[in-house]
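I opened the model to see how the chain is put together. My notes follow in the order I looked things up.

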Amino acid sequence: MDTLQAVFLGLIQGLTEYLPVSSSGHLCIVSHLFGVDAEENLTFTIVVHVATVLSTIVILWREIWWIFKGLFEFKMNDATRYAINILVSMIPIGIVGVFFKDRVEQIFGSGVLIVSVMLIVTALLLAFSYFAKPREKNEISLVDAFIIGLSQACAVLPGLSRSGTTIATGLLLGNKKETLAQFSFLMVIPPILGEALLDGIKLFGDSNEAMAASTVSPVTLLAGFLAAFVSGCLACKIMISLVRRGKLIYFAAYCAIAGLLSLIFLA
């Protein structure tokens, strides 16, 4: 992997992590189109994932500070309840990520066929959430948080957008657009860091992976990190604005077209 490829893949990772179009799906499609594979090197995967987490922290630092400040009051307040909701939402993805992720990948694979189908599923979910008009709730409940967490766990399937699935699920549950995108992006921070940690353990526990990691230069890794961080910041801000304005239908159309084209020409 050279520096230009790292920048290109970093841009894709940062943009598609938050836009509801599936980062794993787009990286798979890029691999087939250009013969570039971000998954071939765990070090690069870890670096760009950490970059996207940092972009979320930068964009939503006020909300994160509010949560931590409320937690250190050591009483049940709005911030504490919000943090509990995030913890509850992590339960499904934690179970799937630790115990079943490899099994899911073995069953469904990670090729263009499954990616194409899941992109179309993402499109259908986004379209359904756009046209459905449930009554809006004042706040995200514990039950809602768990159900949104279940949808995030389903998004381990390549091509099924994590942000698209969680936001669409929250909308279908009747949660307000103004708070849903923020919750969706905050709840994804621990799972992404957890995935990076598991990849790191795998990296240092496998001599072949460690040897492959040494072939990527620090400059290349830095280029990928910066590209993912900058594009992640941009995508996070754009997505929050689009969710508040209810513009997810455009991404439904994009995912449908991308899924159909890749199914016809690449699968």
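Which residues have the most contacts inside the largest nonpolar core? The model is predicted, and I read everything below with that in mind. I looked up the largest nonpolar core and found 48 residues in it. Those with the most contacts inside this core are Ile167, Phe183, Phe185, Leu186, Met239, Leu248 and Phe251. Helix H6, residues 112–131, gives the most to this core, with seven residues.

I also looked for a further core. A second, separate one has 12 residues, among them Ala6, Leu9, Val47 and Val48.

I then took Leu248 by itself. Leaving out residues up to four places away in sequence, Leu248 touches Pro20, Leu126, Ile167, Leu171, Met239 and Val243.

Next I checked the chain as a whole. I found 13 helices and zero strands. The chain has 267 residues, and 49% of them count as buried. Of the contacts with a separation of 6 or more, 81% are between residues 24 or more positions apart.

Last, I went to helix H4, residues 61–71. Which residues of H4 are buried? I noted Ile64, Ile67 and Gly70. These residues are on the same side of H4 because they cover an arc of only 130° around the axis. On the face turned away from this buried side, I found the exposed residues Arg62 and Trp65.

How values were computed:
Residues numbered from 1 in each chain as written. Predicted model: local features only at pLDDT ≥ 70, side-chain atom pairs only at ≥ 80, totals over all residues. Heavy atoms only, no water. Helix = DSSP H or I, 4+ residues; strand = E, 2+ residues; numbered from the N terminus. Buried < 20%, exposed > 50% of the residue type's maximum accessible area, 1.4 Å probe, protein only. Contact = heavy atoms within 4.5 Å. Arc of directions from axis to C-beta. Core = buried A, V, L, I, M, F, W, Y, C linked by side-chain atoms within 4.5 Å.
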